[in-house]
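Please look over the sequence and the model shown here. The paragraphs that follow go through them part by part.

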Amino acid sequence: MQLGPYTLPNALFVAPMAGVTDRPFRKLCKRLGAGYAVSEMVTSRPDLQDSLKTSRRADHSGEPGPIAVQIAGTDAAMMADAARYNIQRGAQIIDINMGCPAKKVCNKWAGSALMQDEALAIEIVEAVVAAAAPHGVPVTLKMRTGWCADVRNAPTLALAAEAAGVQMLTVHGRTREQGYKGFAEHDTVAHIKSRVKIPVVANGDISSPQQARDVLQRTGADAIMIGRAAQGRPWIFREIAHFLATGEALPPPDLMEVKTWLLDHLEDHYSLYGEFTGVRSARKHLGWYAHALPLPSGAAAVFRHRINTLTTAQAQLACVRDSFDAWAAFGPDHNMTREDNWKLAA
Ligand SMILES: Cc1cc2nc3c(=O)[nH]c(=O)nc-3n(C[C@H](O)[C@H](O)[C@H](O)COP(=O)(O)O)c2cc1C
(Lines give C-alpha, C1' and ligand atoms only; values in the text may rest on other atoms or scores of the structure.)
Protein backbone atom coordinates (compact mmCIF):
# COMPACT_ATOMS: atom_id res chain seq x y z
CA MET A 1 0.00 0.00 0.00
CA GLN A 2 1.24 3.45 -0.96
CA LEU A 3 0.92 6.50 1.28
CA GLY A 4 2.50 9.55 -0.35
CA PRO A 5 6.14 8.59 -0.94
CA TYR A 6 5.95 5.63 1.47
CA THR A 7 5.28 2.04 0.53
CA LEU A 8 3.84 0.28 3.56
CA PRO A 9 4.92 -3.33 4.08
CA ASN A 10 1.36 -4.55 4.62
CA ALA A 11 -2.21 -3.43 5.25
CA LEU A 12 -2.32 -4.16 9.00
CA PHE A 13 -2.27 -1.02 11.15
CA VAL A 14 -2.07 -0.57 14.90
CA ALA A 15 -4.49 2.10 16.12
CA PRO A 16 -3.50 5.24 17.98
CA MET A 17 -4.58 4.74 21.60
CA ALA A 18 -3.70 7.41 24.15
CA GLY A 19 -1.78 5.85 27.01
CA VAL A 20 -1.24 2.62 25.06
CA THR A 21 0.24 3.09 21.57
CA ASP A 22 3.43 4.68 22.79
CA ARG A 23 6.82 4.19 21.17
CA PRO A 24 7.64 0.85 22.88
CA PHE A 25 4.25 -0.64 21.99
CA ARG A 26 4.35 0.65 18.40
CA LYS A 27 7.83 -0.81 17.95
CA LEU A 28 6.75 -4.19 19.27
CA CYS A 29 3.62 -4.27 17.09
CA LYS A 30 5.73 -3.43 14.03
CA ARG A 31 8.23 -6.14 14.99
CA LEU A 32 5.34 -8.62 15.21
CA GLY A 33 3.77 -7.83 11.87
CA ALA A 34 2.02 -4.45 11.92
CA GLY A 35 2.82 -2.55 8.74
CA TYR A 36 2.01 0.89 10.11
CA ALA A 37 1.42 2.62 13.42
CA VAL A 38 0.06 6.04 14.30
CA SER A 39 1.22 7.74 17.50
CA GLU A 40 -1.12 8.62 20.35
CA MET A 41 -2.65 12.04 19.75
CA VAL A 42 -0.54 15.03 20.67
CA THR A 43 -2.13 18.34 21.51
CA SER A 44 -1.97 21.30 19.16
CA ARG A 45 -1.75 23.69 22.13
CA PRO A 46 1.70 25.34 21.99
CA ASP A 47 1.75 25.85 25.79
CA LEU A 48 1.66 22.06 26.26
CA GLN A 49 4.10 21.09 23.51
CA ASP A 50 7.09 20.99 25.83
CA SER A 51 5.28 19.10 28.60
CA LEU A 52 6.78 15.77 29.61
CA LYS A 53 3.64 13.92 28.45
CA THR A 54 3.67 15.49 24.99
CA SER A 55 7.41 15.08 24.50
CA ARG A 56 7.15 11.39 25.42
CA ARG A 57 4.28 11.02 22.96
CA ALA A 58 6.39 12.67 20.29
CA ASP A 59 9.37 10.36 20.95
CA HIS A 60 10.03 8.09 17.96
CA SER A 61 13.66 7.14 18.57
CA GLY A 62 14.53 3.78 17.04
CA GLU A 63 11.08 3.35 15.51
CA PRO A 64 10.92 2.06 11.94
CA GLY A 65 9.33 4.63 9.60
CA PRO A 66 7.21 6.11 8.32
CA ILE A 67 6.69 8.11 11.49
CA ALA A 68 3.03 9.11 11.76
CA VAL A 69 2.02 11.67 14.37
CA GLN A 70 -1.60 12.31 15.24
CA ILE A 71 -2.60 15.83 16.19
CA ALA A 72 -5.77 16.96 17.93
CA GLY A 73 -7.24 20.41 18.33
CA THR A 74 -9.98 22.83 17.39
CA ASP A 75 -8.25 25.80 15.90
CA ALA A 76 -7.13 25.65 12.27
CA ALA A 77 -4.11 27.94 12.66
CA MET A 78 -2.97 26.10 15.79
CA MET A 79 -3.39 22.75 14.08
CA ALA A 80 -1.30 24.00 11.14
CA ASP A 81 1.40 25.15 13.59
CA ALA A 82 1.23 21.77 15.33
CA ALA A 83 1.72 20.02 11.99
CA ARG A 84 4.80 22.15 11.22
CA TYR A 85 6.16 21.67 14.76
CA ASN A 86 5.86 17.88 14.53
CA ILE A 87 7.28 17.76 11.00
CA GLN A 88 10.32 19.68 12.24
CA ARG A 89 10.69 16.98 14.92
CA GLY A 90 10.58 14.10 12.48
CA ALA A 91 6.91 13.40 11.65
CA GLN A 92 6.69 11.97 8.12
CA ILE A 93 2.90 11.72 8.11
CA ILE A 94 0.39 13.90 9.98
CA ASP A 95 -2.88 12.33 11.07
CA ILE A 96 -5.79 14.51 12.17
CA ASN A 97 -7.88 13.12 15.02
CA MET A 98 -11.62 13.32 14.39
CA GLY A 99 -12.33 10.01 16.03
CA CYS A 100 -11.67 10.31 19.71
CA PRO A 101 -14.81 10.58 21.86
CA ALA A 102 -13.00 11.40 25.12
CA LYS A 103 -14.63 14.23 27.08
CA LYS A 104 -11.36 16.04 27.57
CA VAL A 105 -11.09 16.29 23.81
CA CYS A 106 -14.77 16.77 22.98
CA ASN A 107 -15.39 19.52 25.50
CA LYS A 108 -12.90 21.53 23.54
CA TRP A 109 -14.62 20.54 20.30
CA ALA A 110 -11.70 18.44 19.12
CA GLY A 111 -11.65 14.73 18.24
CA SER A 112 -14.94 13.32 16.96
CA ALA A 113 -16.81 16.43 18.11
CA LEU A 114 -15.38 18.16 15.05
CA MET A 115 -17.62 15.99 12.89
CA GLN A 116 -20.55 18.05 14.16
CA ASP A 117 -19.10 21.19 12.61
CA GLU A 118 -18.23 20.21 9.06
CA ALA A 119 -17.11 23.72 8.06
CA LEU A 120 -14.61 23.88 10.93
CA ALA A 121 -13.50 20.30 10.26
CA ILE A 122 -12.65 21.12 6.66
CA GLU A 123 -11.06 24.44 7.61
CA ILE A 124 -8.72 22.46 9.88
CA VAL A 125 -8.00 19.88 7.18
CA GLU A 126 -7.17 22.59 4.64
CA ALA A 127 -4.89 24.42 7.07
CA VAL A 128 -3.01 21.24 8.02
CA VAL A 129 -2.63 20.14 4.39
CA ALA A 130 -1.31 23.61 3.46
CA ALA A 131 1.21 23.42 6.33
CA ALA A 132 2.38 19.89 5.49
CA ALA A 133 2.46 20.11 1.67
CA PRO A 134 5.66 22.22 1.35
CA HIS A 135 7.48 19.49 3.30
CA GLY A 136 6.05 16.69 1.11
CA VAL A 137 4.30 15.27 4.18
CA PRO A 138 1.01 13.44 3.54
CA VAL A 139 -1.96 14.29 5.77
CA THR A 140 -4.41 11.59 6.82
CA LEU A 141 -7.69 11.76 8.72
CA LYS A 142 -9.18 9.43 11.31
CA MET A 143 -12.88 9.74 12.02
CA ARG A 144 -16.02 7.97 13.14
CA THR A 145 -19.13 7.28 11.04
CA GLY A 146 -20.74 10.49 12.30
CA TRP A 147 -21.88 12.41 15.30
CA CYS A 148 -24.93 10.27 16.12
CA ALA A 149 -27.21 7.67 14.51
CA ASP A 150 -29.18 10.41 12.69
CA VAL A 151 -26.08 12.22 11.50
CA ARG A 152 -23.77 9.72 9.83
CA ASN A 153 -21.91 12.35 7.87
CA ALA A 154 -18.62 10.48 7.43
CA PRO A 155 -19.21 10.02 3.66
CA THR A 156 -19.76 13.77 3.15
CA LEU A 157 -16.70 14.61 5.22
CA ALA A 158 -14.66 11.95 3.45
CA LEU A 159 -15.35 13.50 0.04
CA ALA A 160 -14.62 16.99 1.32
CA ALA A 161 -11.42 15.82 3.00
CA GLU A 162 -10.27 14.09 -0.18
CA ALA A 163 -10.94 17.27 -2.17
CA ALA A 164 -8.94 19.21 0.44
CA GLY A 165 -5.90 17.00 -0.08
CA VAL A 166 -6.16 14.28 2.58
CA GLN A 167 -4.33 11.17 1.37
CA MET A 168 -5.83 8.41 3.51
CA LEU A 169 -8.98 8.01 5.62
CA THR A 170 -9.50 5.75 8.60
CA VAL A 171 -13.07 5.13 9.71
CA HIS A 172 -14.03 3.65 13.09
CA GLY A 173 -17.47 2.12 12.51
CA ARG A 174 -19.22 3.85 15.41
CA THR A 175 -20.76 7.27 15.89
CA ARG A 176 -19.46 9.71 18.50
CA GLU A 177 -22.66 9.14 20.48
CA GLN A 178 -21.94 5.41 20.74
CA GLY A 179 -18.61 5.87 22.48
CA TYR A 180 -17.38 2.27 22.57
CA LYS A 181 -20.83 0.72 23.10
CA GLY A 182 -22.60 -1.61 20.71
CA PHE A 183 -20.76 -3.01 17.72
CA ALA A 184 -18.83 -1.31 14.98
CA GLU A 185 -20.55 -1.42 11.58
CA HIS A 186 -18.47 -1.45 8.45
CA ASP A 187 -21.15 -0.67 5.86
CA THR A 188 -20.33 3.03 6.11
CA VAL A 189 -16.69 2.17 5.44
CA ALA A 190 -17.73 0.20 2.35
CA HIS A 191 -19.85 3.15 1.20
CA ILE A 192 -16.98 5.61 1.67
CA LYS A 193 -14.57 3.26 -0.10
CA SER A 194 -16.91 3.16 -3.11
CA ARG A 195 -16.95 6.96 -3.32
CA VAL A 196 -13.37 8.13 -2.77
CA LYS A 197 -10.15 7.38 -4.64
CA ILE A 198 -7.75 7.65 -1.70
CA PRO A 199 -7.00 4.60 0.50
CA VAL A 200 -9.60 3.80 3.16
CA VAL A 201 -8.83 1.96 6.40
CA ALA A 202 -11.53 0.04 8.28
CA ASN A 203 -11.42 0.15 12.08
CA GLY A 204 -13.51 -1.12 14.96
CA ASP A 205 -13.98 -4.45 16.74
CA ILE A 206 -11.59 -6.46 14.59
CA SER A 207 -10.15 -9.04 16.95
CA SER A 208 -9.34 -12.17 14.94
CA PRO A 209 -7.73 -13.12 11.64
CA GLN A 210 -11.11 -14.30 10.31
CA GLN A 211 -12.76 -10.98 11.17
CA ALA A 212 -9.88 -9.16 9.52
CA ARG A 213 -10.41 -11.13 6.30
CA ASP A 214 -14.19 -10.61 6.41
CA VAL A 215 -13.95 -6.87 6.98
CA LEU A 216 -11.42 -6.49 4.16
CA GLN A 217 -13.65 -8.50 1.81
CA ARG A 218 -16.92 -6.84 2.80
CA THR A 219 -15.68 -3.26 2.70
CA GLY A 220 -13.07 -3.41 -0.05
CA ALA A 221 -10.96 -1.33 2.36
CA ASP A 222 -7.28 -0.94 1.59
CA ALA A 223 -6.22 -1.76 5.14
CA ILE A 224 -7.53 -2.57 8.59
CA MET A 225 -6.62 -0.92 11.87
CA ILE A 226 -6.63 -2.75 15.20
CA GLY A 227 -6.71 -1.17 18.62
CA ARG A 228 -7.98 -2.97 21.70
CA ALA A 229 -7.45 -6.48 20.35
CA ALA A 230 -3.71 -5.75 20.17
CA GLN A 231 -3.51 -4.81 23.84
CA GLY A 232 -1.47 -7.56 25.49
CA ARG A 233 -1.53 -9.42 22.18
CA PRO A 234 0.74 -7.56 19.77
CA TRP A 235 1.36 -10.83 17.90
CA ILE A 236 -2.20 -10.55 16.49
CA PHE A 237 -0.64 -8.78 13.49
CA ARG A 238 1.52 -11.73 12.48
CA GLU A 239 -1.45 -14.06 13.09
CA ILE A 240 -3.57 -12.01 10.69
CA ALA A 241 -0.76 -11.67 8.14
CA HIS A 242 -0.28 -15.44 8.17
CA PHE A 243 -4.00 -16.14 7.86
CA LEU A 244 -4.45 -13.68 4.98
CA ALA A 245 -1.47 -15.17 3.16
CA THR A 246 -2.24 -18.88 3.69
CA GLY A 247 -5.86 -19.22 4.87
CA GLU A 248 -4.55 -21.09 7.89
CA ALA A 249 -4.45 -20.12 11.55
CA LEU A 250 -1.02 -19.71 13.10
CA PRO A 251 -0.66 -21.66 16.36
CA PRO A 252 -0.62 -19.42 19.46
CA PRO A 253 2.87 -18.21 20.36
CA ASP A 254 4.98 -20.21 22.75
CA LEU A 255 5.00 -18.79 26.30
CA MET A 256 8.79 -18.50 26.25
CA GLU A 257 8.55 -16.49 23.02
CA VAL A 258 6.02 -14.13 24.62
CA LYS A 259 8.27 -13.84 27.67
CA THR A 260 11.10 -12.57 25.45
CA TRP A 261 8.83 -10.02 23.72
CA LEU A 262 7.42 -8.86 27.02
CA LEU A 263 10.82 -8.42 28.66
CA ASP A 264 11.97 -6.38 25.64
CA HIS A 265 8.74 -4.37 25.82
CA LEU A 266 9.36 -3.61 29.51
CA GLU A 267 12.99 -2.54 28.97
CA ASP A 268 11.91 -0.17 26.19
CA HIS A 269 9.02 1.06 28.35
CA TYR A 270 11.35 1.95 31.26
CA SER A 271 13.73 3.65 28.86
CA LEU A 272 10.93 5.99 27.73
CA TYR A 273 9.21 6.69 31.07
CA GLY A 274 12.00 6.17 33.60
CA GLU A 275 11.74 3.61 36.39
CA PHE A 276 9.16 5.24 38.70
CA THR A 277 6.53 6.04 36.07
CA GLY A 278 7.51 3.13 33.83
CA VAL A 279 6.95 0.44 36.45
CA ARG A 280 3.50 1.84 37.21
CA SER A 281 2.36 2.47 33.64
CA ALA A 282 3.59 -0.97 32.56
CA ARG A 283 1.12 -2.65 34.92
CA LYS A 284 -1.82 -2.28 32.56
CA HIS A 285 0.15 -3.89 29.72
CA LEU A 286 1.14 -6.76 32.02
CA GLY A 287 -2.49 -7.31 32.99
CA TRP A 288 -3.50 -7.40 29.31
CA TYR A 289 -0.77 -9.93 28.46
CA ALA A 290 -1.92 -12.19 31.31
CA HIS A 291 -5.52 -11.86 30.09
CA ALA A 292 -4.57 -12.73 26.50
CA LEU A 293 -2.50 -15.82 27.28
CA PRO A 294 -3.73 -19.39 27.89
CA LEU A 295 -2.55 -19.57 31.51
CA PRO A 296 -3.25 -22.12 34.22
CA SER A 297 -6.55 -21.30 35.88
CA GLY A 298 -6.26 -18.61 38.54
CA ALA A 299 -2.77 -17.60 37.36
CA ALA A 300 -3.71 -14.28 35.75
CA ALA A 301 -5.37 -12.94 38.90
CA VAL A 302 -2.40 -13.87 41.09
CA PHE A 303 -0.01 -12.32 38.57
CA ARG A 304 -1.95 -9.04 38.40
CA HIS A 305 -2.19 -8.83 42.16
CA ARG A 306 1.52 -9.40 42.55
CA ILE A 307 2.50 -6.96 39.79
CA ASN A 308 0.47 -4.21 41.46
CA THR A 309 2.56 -4.49 44.62
CA LEU A 310 5.98 -4.23 42.94
CA THR A 311 7.65 -0.85 42.65
CA THR A 312 11.03 -1.44 41.02
CA ALA A 313 11.95 -2.42 37.48
CA GLN A 314 14.15 -5.22 38.77
CA ALA A 315 11.28 -6.76 40.77
CA GLN A 316 8.82 -6.37 37.89
CA LEU A 317 11.21 -8.03 35.42
CA ALA A 318 11.94 -10.85 37.89
CA CYS A 319 8.22 -11.41 38.47
CA VAL A 320 7.63 -11.70 34.72
CA ARG A 321 10.54 -14.14 34.32
CA ASP A 322 9.48 -16.33 37.28
CA SER A 323 5.81 -16.32 36.37
CA PHE A 324 6.36 -17.27 32.73
CA ASP A 325 8.77 -20.04 33.74
CA ALA A 326 6.23 -21.41 36.23
CA TRP A 327 3.30 -21.19 33.79
CA ALA A 328 5.32 -23.00 31.12
CA ALA A 329 6.22 -25.72 33.63
CA PHE A 330 2.62 -26.12 34.85
CA GLY A 331 0.98 -26.03 31.38
CA PRO A 332 -2.33 -24.32 30.55
CA ASP A 333 -4.51 -27.18 31.83
CA HIS A 334 -3.11 -26.99 35.34
CA ASN A 335 -5.41 -25.76 38.12
CA MET A 336 -3.35 -23.54 40.34
CA THR A 337 -3.53 -24.64 43.96
CA ARG A 338 -3.14 -22.28 46.89
CA GLU A 339 0.32 -23.73 47.34
CA ASP A 340 1.30 -23.04 43.71
CA ASN A 341 0.08 -19.50 44.08
CA TRP A 342 1.93 -19.06 47.30
CA LYS A 343 5.16 -20.30 45.71
CA LEU A 344 4.73 -17.93 42.77
CA ALA A 345 3.98 -14.99 45.01
CA ALA A 346 6.92 -15.71 47.32
C1 LIG B 1 -7.49 3.57 25.43
C2 LIG B 1 -7.84 4.11 24.07
C3 LIG B 1 -7.26 5.29 23.65
C4 LIG B 1 -7.55 5.81 22.38
N5 LIG B 1 -6.91 6.95 21.96
C6 LIG B 1 -7.11 7.39 20.69
C7 LIG B 1 -6.34 8.48 20.17
O8 LIG B 1 -5.45 9.05 20.84
N9 LIG B 1 -6.61 8.88 18.90
C10 LIG B 1 -7.56 8.27 18.12
O11 LIG B 1 -7.76 8.66 16.96
N12 LIG B 1 -8.27 7.22 18.58
C13 LIG B 1 -8.06 6.76 19.83
N14 LIG B 1 -8.73 5.66 20.26
C15 LIG B 1 -9.63 4.95 19.33
C16 LIG B 1 -8.88 3.82 18.60
O17 LIG B 1 -7.87 4.33 17.77
C18 LIG B 1 -9.86 2.98 17.74
O19 LIG B 1 -10.45 3.82 16.79
C20 LIG B 1 -10.97 2.33 18.58
O21 LIG B 1 -10.45 1.73 19.75
C22 LIG B 1 -11.71 1.25 17.76
O23 LIG B 1 -10.83 0.23 17.34
P24 LIG B 1 -10.75 -1.20 18.11
O25 LIG B 1 -12.14 -1.75 18.19
O26 LIG B 1 -9.85 -2.03 17.25
O27 LIG B 1 -10.20 -0.93 19.48
C28 LIG B 1 -8.47 5.14 21.53
C29 LIG B 1 -9.06 3.96 21.97
C30 LIG B 1 -8.75 3.42 23.21
C31 LIG B 1 -9.38 2.13 23.64
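How many nonpolar, polar and charged residues does the shell around the ligand have? There are ten nonpolar, eight polar and four charged residues in that shell. The model is a predicted one. Of the 22 residues around the ligand, the nearest are Ala15, Met17, Met41, Gly227 and Arg228.

The barrel comes next. Eight strands close into it, in the order β3-β4-β5-β6-β7-β8-β9-β10, and their pairing is parallel. On average, neighbouring strands of this sheet are turned by 30° against each other, with direction ignored. Strand β3, residues 12-14, runs parallel to strand β4, residues 36-43, and two bridges join them. Valine 14 has alanine 37 of β4 as its bridge partner.

Helix α6 (residues 154-163) touches β7 (139-146) and β8 (168-175), and the direction of α6 makes about 165° with that of β7. Helix α7 (residues 187-195) touches β7, β8 and β9 (200-203); the direction of α7 makes about 150° with that of β8.

Strand β6 spans residues 93-98 and is mostly covered, with six of its six residues buried. In a regular strand, side chains alternate between the two faces of the sheet. In β6, Ile93, Asp95 and Asn97 point one way, while Ile94, Ile96 and Met98 point the other way, and all of these are buried. A residue counts as buried here if 20 or more other C-beta atoms lie within 10 Å of its own. Strand β5 (residues 68-72) runs parallel to β6, and four bridges join the two.

Proline 66 lies in the loop between α2 (52-57) and β5. The peptide bond that leads from glycine 65 to proline 66 is cis, and its omega is near -5°. Aspartate 205 is not a glycine, yet its phi is positive, near 60°. For context, most residues other than glycine have a negative phi, and most peptide bonds are trans. Aspartate 205 is partly exposed because 19 other C-beta atoms lie within 10 Å, whereas a buried residue needs 20 or more.

On the α10 side, Arg283, Leu286, Gly287, Ala290 and His291 take part in the contact, and they meet Ala300, Phe303, Arg304 and Ile307 of α11. By class, this contact of α10 with α11 has five nonpolar, two polar and two charged residues.

The last stop is phenylalanine 330, which is found in helix α12 (residues 313-330). Phenylalanine 330 counts as partly exposed because it has 17 C-beta neighbours inside 10 Å. From C-alpha to C-alpha, phenylalanine 330 and alanine 299 are 10 Å apart in space, and in sequence they are 31 residues apart.

Conventions:
Residues numbered from 1 in each chain as written. Predicted model: local features only at pLDDT ≥ 70, side-chain atom pairs only at ≥ 80, totals over all residues. Near = placed C-beta within 6 Å. Nonpolar A, V, L, I, M, F, W, Y, C, P; charged D, E, K, R; others polar. Pairing = 2+ DSSP bridges. Axes fitted to C-alpha atoms, helices over the stretch in contact; angles between N-to-C directions. Contact = placed C-beta atoms within 7 Å. Buried ≥ 20, exposed ≤ 12 C-beta atoms within 10 Å, placed from the backbone.
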